[in-house]
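Hi everyone, thanks for coming. Let me walk you through a structure that may be new to you, one piece at a time.

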Amino acid sequence: MTGHALHERAGAQRTNGRDTAMIGRDAQRVDVPVVGGMLRVHRWGRRGPLVLAAHGITASAESFRALGERLAGDVTMLAVDLRGRGGSAGLPGPYGMAAHARDLVAVLDHVGARRATAVGHSMGAYVVAQLAVDFPDRVERLVYIDGGLPLRFPQGADPDHMLAAILGPSLERLTRTFPSRQAYHDYWRDHPAFAEPGAWNRYVESYVDYDLGGDEPRLRSRVSEEAVRADGRDLVTNERLRTSLGSVKCPLLLLRAPRGLMNQPEPLLSDELVASYRDVVPQLTDDVIADTNHITITLGEHGADALAERIREAVGAR
């Protein structure tokens with residue numbers, strides 16, 4: 001029996017089980033046993049190729065809602081809350097790319113799937129890269145969304161300083177409390193990523209609401225600052241991941257945003273950086289998703305439409 005068929009059978013058996021519940025429109029919650037507790041997973045769709053998705057460093061599975069809804073009729077998409085975030089906020093360390101990759105393997109085992117197309121956005125792309133390095137037989141193909149290719153940091157760079165410079169308000173919010181849900185919405189509405197007309201939409205609002213925990217007047221993000229800083233240090237210092245990229249032999253699709261995290265004209269992954277890895281990863285296919293930034297490439301309507309089209313084509317679901 002194939003991994004896809006196993007997944008469909010396992011999913012059908014668990015539909016009415018204790019480990020599932022509905023989350024908003026067209027999504028189902030699945031809780032997966034991992035080291036230290038339960039990992040929260042969001043599922044869209046119940047047929048077709050299996051897609052396993054990992055989010056960015058201060059994000060959650062909700063960053064994939066727009067994509068999951070678009071793919072639900074053609075694939076089965078499982079998006080995880082990485083440990084220390086969202087519904088997995090209570091999971092302890094250790095953190096880091098290798099720990100997250102092991103959690104993704106636990107998700108595949110839980111649904112009875114041998115392999116999947118592994119999709120990662122931002123830091124999540126480095127997580128699925130680690131998955132392909134450590135567990136190559138579990139990955140059918142890789143899809144990096146504005147991440148995954150090792151960035152070049154100055155020698156001796158302080159990881160915490162680099163993280164603060166790159167993430168800006170996305171990191172700063174983890175140290176704050178908010179008196180109301182509206183105050184948290186207002187904080188996010190001021191983020192430069194949503195400056196363009198129409199950038200704020202129901203997917204962004206759902207993402208922001210899901211991120212919020214606690215009670216008024218001391219609401220705060222459900223993202224663990226400890227997890228973010230540990231993962232950030234790993235991204236800066238993980239030489240094994242940096243030097244093992246050439247060992248990845250499965251098909252690799254890179255989907256990039258032309259603008260950065262703060263909507264600046266400099267992208268996270270430049271043309272020059274991508275060109276420098278073409279000899280290392282000759283199977284790399286690169287595509288720039290026009291009119292997106294690092295955040296709206298997944299949370300924006302246009303970005304999600306483009307991602308869905310390219311992923312359908314990659315997995316043969318069109």
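When I say helix, I mean a DSSP run of H or I with at least four residues, and strands are E runs of at least two; both are numbered from the N terminus. With that settled, Asp103 sits in helix H3, residues 97–111.

A quick word on the source: this is a predicted model, where local features need pLDDT of at least 70, side-chain atom pairs count only at pLDDT 80 or more, and totals for chains, interfaces and linings use all residues. Residues are numbered from 1 along each chain as its sequence is written, and side-chain values use heavy atoms, with hydrogens and water left out.

Back to Asp103: is this residue buried or exposed? Asp103 counts as buried because its relative accessibility is 6%; buried means under 20% relative accessible area, exposed over 50%, and partly exposed in between, with a 1.4 Å probe and protein chains only. Leaving aside residues up to four places away in sequence, Asp103 touches Val34, Leu39 and Arg83, where contact means heavy atoms within 4.5 Å. Val30 is 73 residues from Asp103 in sequence, and their C-alpha atoms are 14 Å apart in space.

Now for a pair of helices. H5 (residues 159–167) packs with H9 (residues 225–237) at about 105 degrees, their axes 9 Å apart. That makes H5 roughly perpendicular to H9. Axes here are lines fitted to C-alpha atoms, for helices over the stretch in contact, and angles run from 0 to 180 degrees between N-to-C directions; under 35 degrees is roughly parallel, over 145 roughly antiparallel, 65 to 115 roughly perpendicular, and the rest oblique. Which residues of H5 meet H9? They are Pro159, Asp160, Leu163 and Leu167, and on the H9 side we find Val228, Arg229, Gly232, Arg233, Val236 and Thr237.

H5 comes up again in the largest pocket, where H5 supplies the largest share of the lining, six residues. H4 (123–134), H9, H10 (239–243) and H12 (296–299) are also among the helices that each give at least two lining residues.

Let's finish in H12, which is the place of Thr298. Thr298 is another buried residue, because its relative accessibility is 3%. Beyond residues up to four places away in sequence, Thr298 touches Ser63, Ala66, His121, Ile145, Ala304 and Leu307.
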